Structure formats: C-alpha cells, structure tokens
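Visitor: Please put the structure up. I have some questions to ask about it.

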Amino acid sequence: MINALATELLKARRSRVPWVTALAFTVAAGVGGLFMFILQDQGRARSLGLIGTKASLVGRDADWPTYLAFLAQTTAVGGMLVFGLVSVWLFGREFGQNTVKDLLALPTSRTAIVLAKFVVAALWCLVLTVQLVVLGLVIGTVLRLPGWSADLAASGVATVGATAAMTVLLTTPIAFAASVGRGYLSGVGVMMAAIFFAQVIAALGYGRYFPWSVPALFSGLAGPDSDPPGLLGLLLVLLVGVAGVVATALWWRNADQDR
Amino acid sequence: MAPVIALRSLSKHYGDLAAVDDLSLDVAAGEIYALLGLNGAGKTTTIRMLLGMVRPSSGSVELLGEPVRPGPWARVGYLVEGPAAYPELTVVENLTVAARLRGLWGRRQVDEVVERLNLTAYATRRAGTLSLGNAQRLGLAKALLHKPELLILDEPANGLDPAGVAEIRELVRELSREHGVTVVLSSHILTEVARLATRIGVLHRGRLVRELDAGELAAQTRRRLSVTARDLVAAEHALHAVGFSPIRTDLGALDLMDDRAIAEPERVAVALVAAGCPPVRLVVEQDDLETFFLRVVES
C-alpha cells in the first residue's frame with residue numbers, strides 16, 4: 001500500500017491537474033470575496049448592475065456568517081465538480097493513456113493501487129478545502145467583515161469541512177464510472193448527471209433522499225427555511241461513498257482487462 | 001522438472017467468438033517460446049490470460065508453479081501490446097514508479113536498466129516526447145527492471161528500427177543464455193521468430209495448430225529461388241533443359257523449389273547466360289507468414 005501511495009503521489013505531483021484544481025478553488029474564494037466587497041456598499045452593488053444582482057443572491061449582508069456559508073455552499077456545488085475531476089483524472093488517465101496494463105500483474109495488488117488512488121484523492125481534496133478556508137479567512141479579514149467570533153469561525157470551518165468530506169465520498173462512484181468506461185468521458189458524464197439531478201431533486205423537495213443533494217442541503221444552499229438533510233441523508237452519503245470504493249476495487253480485481 | 005508455464009485446455013469466449021480455443025502447452029525453463037500468428041489469432045488474449053488480466057472461460061494457467069491469481073508477479077516481467085508510459089514523467093521517473101510498485105526502493109536497478117536499454121541519453125526526458133522506438137525501450141526496461149525469471153513480451157519488436165530489433169533480439173538471447181530467463185513472446189513476423197525462438201507455437205483462430213522447434217520451422221518455411229528474365233519463355237525452356245523445374249508465378253517470375261537451385265543459384269545464372277537469356281533478378285526468398293500459414297492451416 002505504501003508503494004502504491006508513493007507512486008500515486010509522484011504522478012499527482014508531476015501533473016498540472018492539481019494546479020488547475022487549486023486555481024478553481026482560489027477563484028471560488030475570490031468570487032465570494034468580490035460579492036462581499038460589493039455587498040459592503042449597496043450603492044456600489046447597484047451601480048455594478050449584473051454583478052450587483054448576482055452578489056445580492058449570496059445574502060443581504062456582507063459579514064462573516066454570510067461569507068462562511070458561501071464557502072460551504074461553494075464546496076458543495078463546486079466541490080462536486082472539482083473533486084469529481086480529481087477522481088476522473090486519477091482513475092480515467094490510466095485507461096486514457098493505456099498505462100493500466102502496467103498496474104495489473106505486480107507484487108502490489110490491484111486493490112492496494114485502487115485504495116492508494118482514493119487516499120490520494122482524499123488528501124488532494126483535503127488540501128483544496130484547507131486552501132479554500134485559509135483564503136476565505138484571509139479575504140474576510142482583509143475586507144474587515146463584521147460578525148466575527150471564534151465560535152462562529154469554528155462552526156463555519158466545520159461546516160465547510162463536513163461538506164467537503166461528504167462531497168469527496170460522493171465522488172467514489174465517479175471513479176467507478178471512469179474505470180468501467182475505461183477513460184475520462186464516462187466519469188465526466190456521471191459527474192454531470194449527478195450535479196444535474198442533485199439540483200432538480202433538491203428543487204422538488206426530495207433532496208434528503210438523494211445523496212448528491214445532501215451536501216448542498218447541509219451547507220444551507222436551499223435557504224434558512226429548508227430542513228437539514230437529517231441522519232438518513234448522511235447515511236446515504238456514507239453508503240454511496242463506501243459502495244463506490246468497494247465497487248471500484250472489485251471491478252479492478254475481477255473485470256477482464258482486455259483493451 | 002516442472003514447466004515454467006503450463007496451459008491446460010485454456011479457452012476464452014466472447015459470446016460466440018472463441019478468441020482462444022482449448023489451448024494446452026508447456027514452456028520449459030530457459031526456453032524462448034514464440035506464439036506466432038496473424039493478427040486476431042489469439043496471441044494477445046493468450047498473453048493477457050497468462051498475466052491474469054483476462055479470466056479464462058475454461059482451463060487453467062500456471063506460471064512458475066503457481067496459479068495466476070494472486071500470481072508470482074515479483075518473478076515475472078512483461079510488456080503487453082506496445083509501450084505505455086506517464087507522459088509528464090521522465091524516463092527515470094516512469095521506471096521509479098515501476099520499481100516502487102515492485103517493492104524496489106533503491107536507485108541502482110533503475111540506473112542499471114537505463115544503461116542496459118541504451119536510454120541514458122533520454123533519462124531526464126519526459127516520456128511523452130520519446131520516439132516510438134525509445135518508448136518501446138522504456139517498456140522493455142520496465143519489464144526487465146527487477147531481473148525476472150520469466151519474461152512475457154507481446155510483439156516486442158514493434159516500432160523498433162532494424163538496429164533496434166537486432167539489439168532487442170541479442171538482449172533476449174543473452175537473458176536466456178546467460179541468466180536462464182524463460183521468455184515467451186508473441187509475433188506475427190516469421191523471420192524474427194525464426195531467428196530468436198527455440199520453440200514456436202502457431203496460433204490460428206485461437207487454436208494451437210502446430211508446435212515446432214526452431215530447426216523444424218526452418219524446414220517448414222519453404223525457400224525458393226525467384227528468377228526474372230527479359231524473355232521469360234526462353235528462360236523457362238533453358239532451365240528445363242538443364243534439369244530444373246521452374247514454376248511461372250502470377251508476378252512474371254520463375255520460382256525454382258529445387259534444393260540444388262537454392263543452394264547454388266550461380267549455376268542457374270550460368271545456365272541462363274549460356275542460353276542467351278541472362279537473369280535480371282535472381283534472389284532466394286522465404287515463405288512469408290501468410291504463405292506459411294496457409295500451408296499449415298490447409299494441412
């Protein structure tokens with residue numbers, strides 16, 4: 001497992017993809033900061049037209065609770081896209097670049113290789129989440145947002161962290177799809193479908209029963225009047241995460257690798 | 001002594017298609033065994049079953065006395081269906097990845113194999129920028145990194161220039177001769193197989209239609225003397241007159257199958273010159289794979 005982990009980390013370090021995902025989360029934190037900046041002065045928001053309108057969708061007030069909630073919601077929706085791409089890249093590339101055949105008859109088992117990929121995906125997403133939080137705290141401090149308290153910050157950071165953890169769990173079926181489809185496209189397809197149906201089903205009011213809607217509900221994206229996802233929703237997320245890992249490992253171990 | 005590879009009634013079916021059909025063979029230690037066949041004959045499917053990448057529909061595979069799952073992979077090196085490498089990693093980094101996955105943490109093995117495969121000049125080049133020939137060397141380097149007892153190579157000469165082919169041939173011979181490595185390789189190039197293998201299994205439509213030693217292959221792949229002259233009719237008469245039996249081909253040449261003509265083509269040339277129809281082309285040719293195959297299959 002250590003051998004597989006070392007190779008996966010080397011492959012990730014040499015790729016440009018981590019930088020692309022870091023840029024995406026930097027932009028997300030920056031956009032949230034821009035909205036706060038606009039909301040700090042409503043007159044300025046109105047004078048900016050469309051941007052002012054969009055910014056007002058984040059919340060009415062430019063303060064720490066609003067900004068931390070924005071970061072959690074970004075993690076729920078943007079995270080599905082960015083964390084999903086991490087999984088698609090980690091698994092799909094082996095098929096897209098035909099390197100998978102060099103991973104199949106080794107002293108390091110296929111299961112160890114799959115688990116190492118999931119560990120790297122989790123570490124990678126953890127780093128991105130920490131980056132988002134740190135950038136958010138810096139931006140909020142620079143903007144001198146009101147409403148700071150240590151309890152509020154801890155709660156906000158915990159919400160972002162929990163949302164990120166749930167989102168990471170929900171990307172494991174994307175890794176499975178990229179493996180079964182032997183490339184990037186099937187993984188991207190499943191990821192887009194999950195994002196689309198998460199929006200639709202949450203809008204219909206059944207989000208708590210659809211795992212991919214749960215992180216957004218948990219982060220408060222549906223608004224203060226909406227119910228949190230509850231224990232069932234959280235269990236469904238955990239179940240999907242575990243099922244994705246198990247299915248991917250079994251597929252790598254048992255499926256014919258004849259292409 | 002137990003065979004290094006033992007296949008017993010091995011079959012792989014995809015629906016109605018039998019990619020490999022009831023294949024049984026043994027490969028002894030130190031042999032260079034070639035699976036010879038046209039494209040689609042079942043060579044790669046057989047190799048993938050040897051490596052545990054494809055599950056047989058029926059039958060069994062044993063390598064080095066063990067079943068392929070979990071498999072004796074620390075003692076096996078392989079290259080399947082052309083080389084693949086992580087393009088953004090250098091040659092050395094690609095080999096480091098392969099070494100780590102084989103539990104080798106030192107740099108020595110990587111440096112040794114880089115030197116052995118003449119990759120030193122490309123060691124710090126990204127694999128994505130390598131020529132096909134050097135990418136093939138990198139693939140072979142990964143297969144040889146851990147000094148395997150058994151080497152399984154699928155079309156190892158693909159993409160290499162003639163000098164590269166000769167170099168790989170010599171490398172495989174040396175591994176077999178000096179280190180006792182057993183080699184199983186697949187190829188559709190008859191001349192290459194004839195030069196390298198000690199034993200050959202001919203696959204056709206998934207079945208092992210013939211198994212022969214290298215010496216037998218030389219006897220089986222018929223040679224002929226092909227003659228072209230400006231006046232083909234006169235040349236034919238002249239050759240008949242001196243006791244040869246030329247056969248007119250569709251390509252406007254005369255083929256002589258006699259051992260005497262093949263061994264001493266200069267006598268044929270002298271006879272033609274003496275008859276006033278000197279040859280414009282005189283060459284000893286060997287059956288190509290297709291011709292050999294057609295004869296093997298028809299028989």
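The questions and answers below go through a predicted model.

Visitor: What area do chain B and chain A bury between them?
Guide: Interface size is often given as the accessible area lost when the parts come together. Here 54% of that area is on carbon and sulfur atoms. The two chains bury about 2,700 Å².

Visitor: Which helix of chain A gives the most to the nonpolar patch?
Guide: The patch covers about 820 Å² of surface. Its residues include Met1(A), Leu9(A), Leu115(A) and Val134(A). Eight residues of the patch come from one helix, residues 110–142. That is helix α6.

Visitor: Is Val134(A) buried, partly exposed or exposed?
Guide: Val134(A) sits in helix α6 of chain A. Its relative accessible area is 45%. Buried needs under 20% and exposed needs over 50%. Val134(A) therefore falls in between: partly exposed.

Visitor: Ala116(A) is in helix α6 of chain A too. What is its relative accessible area?
Guide: Beyond residues up to four places away in sequence, Ala116(A) touches Met1(A), Ala4(A), Leu5(A) and Glu8(A). Ala116(A) counts as buried because its relative accessible area is 0%.

Visitor: How many residues of helix α8 of chain A are buried?
Guide: The helix spans residues 172–180 and is mostly covered. Its buried residues, among them Pro173(A), Ile174(A) and Ala175(A), pack against α5, α6, α7, α9 and α11 of chain A. Of nine residues, the buried ones number seven.

Visitor: The side chain of Thr172(A) reaches a backbone oxygen; which residue holds that oxygen?
Guide: Thr172(A) is in helix α8 of chain A. It counts as buried because its relative accessibility is 5%. Leaving aside neighbours within four places in sequence, its contacts include Phe118(A), Gly241(A) and Thr248(A). At 3.4 Å, the side chain reaches the backbone oxygen of Val240(A).

Visitor: Is the peptide bond from Arg69(B) to Pro70(B) cis or trans?
Guide: Pro70(B) lies in the loop between β5 (66–67) and β6 (76–79) of chain B. Omega for the bond is near 5°. The bond is cis.

Visitor: Is Leu64(B) buried or exposed?
Guide: Leu64(B) is in the loop between β4 (58–63) and β5 of chain B. It has a positive phi of about 50° although it is not a glycine. The cut-off for burial is under 20% relative accessible area. At 15%, Leu64(B) therefore counts as buried.

Visitor: What is phi of Asp22(B) near?
Guide: Asp22(B) is in strand β2 (residues 17–27) of chain B. It is partly exposed, with a relative accessible area of 43%. Asp22(B) is a residue other than glycine, yet phi is positive. The value is near 55°.

Methods. Residues numbered from 1 in each chain as written. Chains lettered and ligands numbered in written order. Predicted model: local features only at pLDDT ≥ 70, side-chain atom pairs only at ≥ 80, totals over all residues. Heavy atoms only, no water. Patch = residues over 30% accessible without salt bridge, like charges linked within 9 Å, V, L, I, M, F, W, Y side chains within 5 Å. Areas by Shrake-Rupley, 256 points an atom, 1.4 Å probe, with all protein chains shown as cover. Salt bridge = Lys/Arg side-chain N within 4 Å of Asp/Glu carboxyl O. Helix = DSSP H or I, 4+ residues; strand = E, 2+ residues; numbered from the N terminus. Buried < 20%, exposed > 50% of the residue type's maximum accessible area, 1.4 Å probe, protein only. Contact = heavy atoms within 4.5 Å. Buried area = accessible area lost by both parts, 1.4 Å probe. Polar contact = N/O pair within 3.5 Å; in protein donor to acceptor, adjacent residues only side chain to side chain.
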